[in-house]
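Please read each point with the model at hand.

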Amino acid sequence: MSVLPPEVHTALEQLLGGLQSTDNSVRSTAEEQLNTEWVQKRPDMLLVGLGEQMHGAVDDGTRSFAAVLFRRIATRTGKDPATGENKETFLHLSHAPRTEIRSKLLISHANEQKAPVRNKIADAVAEIARQYTDETVLNPDGTRDTWPDLLQALFAASQSPDAAMRESAFRILETTPGIIERQHETVAYGVFEKGIKDDSPDVRMATMAAFASFFGSLTKKSQPKYYALIPDILNTLVPLKESQNSELLSKALLAIIELAEVASKMFKGVFSQLVTLCISMIQDKELEDQARQNALELMATFADYNPTMCKKDPGYTNDMVTQCLSLMTDVGADDDDAEEWNAQEDMDFDESDSNHVAGEQTMDRLANKLGGSIILPPTFTWLPRMIASGSWRDRHAALMAISAISEGCQELMEGELDKVLDLVVPALREAHPRVRWAGCNALGQMSTDFKGTMQTKYHQIVLPALIPVLAAPEPRVQSHAAAALVNFCEEAEKEILEPYLDTLLEHLMQLLQNPKRFVQEQALSTIATVADSAESTFGKWYGQLMPLLFNVLQQPNERDLRLLRAKAMECATLIALAVGKEKMGQDALTLVQTLGSVQSTIVDDDDPQESYLLHCWGRMCRVLGQDFVPYLPAVMPPLMKLAQAKADIQLLDNEENVAQIEAEEGWELVPLKGKYIGIKTSTLDDKFMAVELITVYAQNLEAGFADYVEEIMDKVALPGLAFFFHDPVRVASAKAVPQLLNSSKMRHGLNSPQYMQLWQSTIGKVLEVLETEPAIETLAEMYQCFYESVEVSGKDSLSNEHMTTFITSAESVLKDYQTRVKERLDNAQEREDGEEAGEEEEFAIEDDQTLLSDMNKAFHTIFKQQGQSFLPHWERLLSYYDLFITNPDPTQRQWALCIFDDVLEFCGPTSWNYQGHIVQPLIDGMRDDAPANRQAACYGVGVAAQKGGEAWGEFANHSLPILFQVTQRPNARSEDDAFATENACASIAKILHFNGGKVQNVQDVIAAWIDTLPVVNDEEAAPYAYAFMGQLIQDPSLTRERMLTYDDSQNSAVMNKAAACFTYVAQALEAETLQGNMAQQTVGAARRLVEMAGLDANALLAGLTPDAQRTVRAFFG
């Protein structure tokens, strides 16, 4: 029965007819009428009426359209006139019409006989259900309204004799699993159990999708009661496979993948059977590729989330490697001679849905998650046979497998590179072009994954083999060889490249004449990389290359030449950086003018030259230095336009708008309460690059850029700190602020009115974002912005108000951090059987560690610049340090130790007031198993001795035995432990220097201290250690005769170990931990030691490496 008058229904029917009209003018009039007369004035009548049309309209199309329009209007967001809040239209209505509409929706859904119409109604029901779960909707009595009738109706529909109705019920549950509350879970279990066993395959699939969605919404503690459903879920797979129903099988596998991502351990009891079943699907070529790939994805998901379970299964690794390699041979179907492949010039051609790509990507994941010790044996059981196979597809797959696993197996493969290269390098001489291409791909990937080793140890194997491939008859092979050389050369030192430059550049110059533009473009990129790595040694080729590049840039700006011109700009400016402005001469100014000419011709938003040009200007700024300043008036206006760009954002509330945006490049879609927000990321990417370039200008031009600082800070950098639409823009703005401050300081002076005004307006905004920044990774950048800005402004630049604000924000951050840590600990306790944290959690832990590190640097900087005036503010956080210092997490202990070090270093004797918080942590820290914590604690003891005064003297003296223990730990000189050991050495020296009077048996202590040398890693610790050694040697009362006869002198320890002391000095000089004046002073002391002790310096040097001998002789003359 209708609750609306007949005339309203008549008007609504006319409206619906107009909205569906094929006549544009009629439809436009109806749209206007819909918005002005219905949505704005009587939304309740509109939605009630649409609900009745869904139920009562005779025409299927009208019922269907009414459901679609209802969903569109009900979810449209607008301001509530009563509260001013943004709400969806349905929630603007009062309780009575909402209740009426809900009733109409459920009746319409229950009575609809046509499945397509019912599905549209179901979508409308789901949207209203979402609003009740996303928002707090109240009943007239103030209690929460949860639409209780809905769940009852859906449970009833799930038992309907009509399979299509049952399927529809589960579709709604999939969309809004939150409507199932805790008190309904027992009933829900039965509903899902029955649905999974339903006679209809479509209902079973809908049930599985709904269950996966529901299971993902549960808390960890609520999940185990549903584990018993897993055998039934897996039983749905076998009949689908046997019937070759690839479409439904794919859907079923996707639902199981969702479950595996949430709780992989629920499959523990059936994992072996599941592996066998999935492997049989992957190898079943009668199934469609998507189904096979989904089975592969399910198996790879277990490797991602529970690698231990995979490692324990006897067949998992062997079977997965075998099937991945098999899929990787499914390449080049109907193209045996690669004719089609050779003709393909679109290098971005999408093959992501191909079997061979799925196999490659899975091999990469397996290697990264299971590790080399698990993956390499079964892989290399196959690879030699595949490389020797008569089928080019086998050889191609083997080479691509090496590319795929090299990152994850890096540690083990690096020691066997000789053998791996024996497999790969011959492929570059293969007859088949795709095998040669794959060989280039493998060498390029290995050059990145084994960077350093590949370049230093194997350049004589790689480059002579790879360079000739640049002359291959196939353009795609030529281009890929050039791309592989980019990977090799960008990690190579100029000394390694120099012998190959002539041959390499001759080949690359030939590629510039290639008729295929993509080959020319890649050749330019490779030349640019070679120039960047070869630096000044590239100068020989400058005269031949630069005219060619100028010629390209002076051609007409035709659309199909734009990318080539962009690559030419990139190449020219990287060459300019390599050879310097002196070598370029007049060409430097000509290049700048050419870039200006190119900039003036850019009119289209999609012109690739624009983004390349930004980086080119930055390079030319570095090349020309202050000579670039006259060009700023030309380059800054377009740069400022990009840097001030606003976010282009659209709210998309219907499928047509979403589809339109999806079809366009440069947009990102963000789901939000049943709708999508479209963000034009291409605009934001340009904005980000513009802010980055501003930073380059300010950094390189300093005072020369000051005229632009005030406007940029006001209109770009400070607003950019709160540009929440794009994280990279905020990060770039954070990096720009300190450089802009420095530019102003260099021009006007630290105490000038101009700088002081800029500082006051800047520091307030920077402190503000420390409280408002929502992203952890970006918050770390904001703390870096803060401490670098304070460094620029120097001593006492923060007011009490500034420091109070800083501590308030820091306390908030620490509270949030503790909450995140607790959540991760709770999650870890619920994991079992080798189940590992997902990648998101691993990244979150890394982000938190970076945040703590940058917060540490911020505290360090404030203590350094403010000294004791910061202590009253800092005291507010003492309770956090006391918790952190005893935490099982070594990162938290390190954080607290470093802060205590700052108190000791910058607050002098006053720091003794906090000895109750500091002493025991330093003692425990020196014994900590975490090397970084030992390092921090040892450093703290040293600064206590150096700057703490009399109060800390006894503590420092009593710390000597523990410091010596640090230097005597097993593996004390290992890479991980070296810094802790060397800090202990330096701290002992500080104690002996600043508190020597309190040390008993000082001669024995000095003798033992000498054995803790050398310091060859820590450039901060080395000066203290070697200065103390120099002090002992340079004692003016010390003569050779006295040294030989006066055994009670503390200096006799040096004399007794003179040869060792000289060697320690030589080692520090070679390692460059001694530099500048300190190196010269230490060398002077060592000369005196040689003279007094009568040492044979040449004999001592003979024990060093040739490089070390050359370094030391250069110092000693």
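**Notes on backbone and local features**

1. In this predicted model, D796 counts as exposed because its relative accessibility is 54%, and the cut-off for exposed is over 50%. D796 lies in the loop between α41 (776–793) and α42 (800–830). Its phi is near 55°, a positive value in a residue other than glycine.

2. A positive phi is also found at N1001, where the angle is near 50° and the residue is again not glycine. N1001 belongs to the loop between α51 (978–994) and α52. With a relative accessible area of 56%, N1001 is exposed. Most residues other than glycine have a negative phi.

3. The peptide bond from L1013 to P1014 is cis, with omega near 5°. P1014 is placed in the loop between α52 (1002–1010) and α53 (1021–1033). Most peptide bonds are trans.

4. K221 sits in the loop between α11 (201–217) and α12 (230–235). Is K221 buried or exposed? K221 is exposed, because its relative accessible area is 73% and exposed means over 50%. Although K221 and E830 are separated by 609 residues in sequence, their C-alpha atoms are 8.2 Å apart in space.

5. The unreviewed UniProt entry carries the annotation "domain: TOG" for residues 362–601. Over residues 362–601, the chain in the model is 76% helix and 0% strand.

Key:
Residues are numbered from 1 along each chain as its sequence is written. This is a predicted model: local features need pLDDT of at least 70, side-chain atom pairs count only at pLDDT 80 or more; totals for chains, interfaces and linings use all residues. Side-chain values use heavy atoms; hydrogens and water are left out. Helices (H or I, at least four residues) and strands (E, at least two) are DSSP runs, numbered from the N terminus. Buried means under 20% relative accessible area, exposed over 50%, partly exposed in between (1.4 Å probe, protein chains only). UniProt positions are given in the numbering used here, feature names are shortened, and annotations may be inferred rather than shown by experiment.
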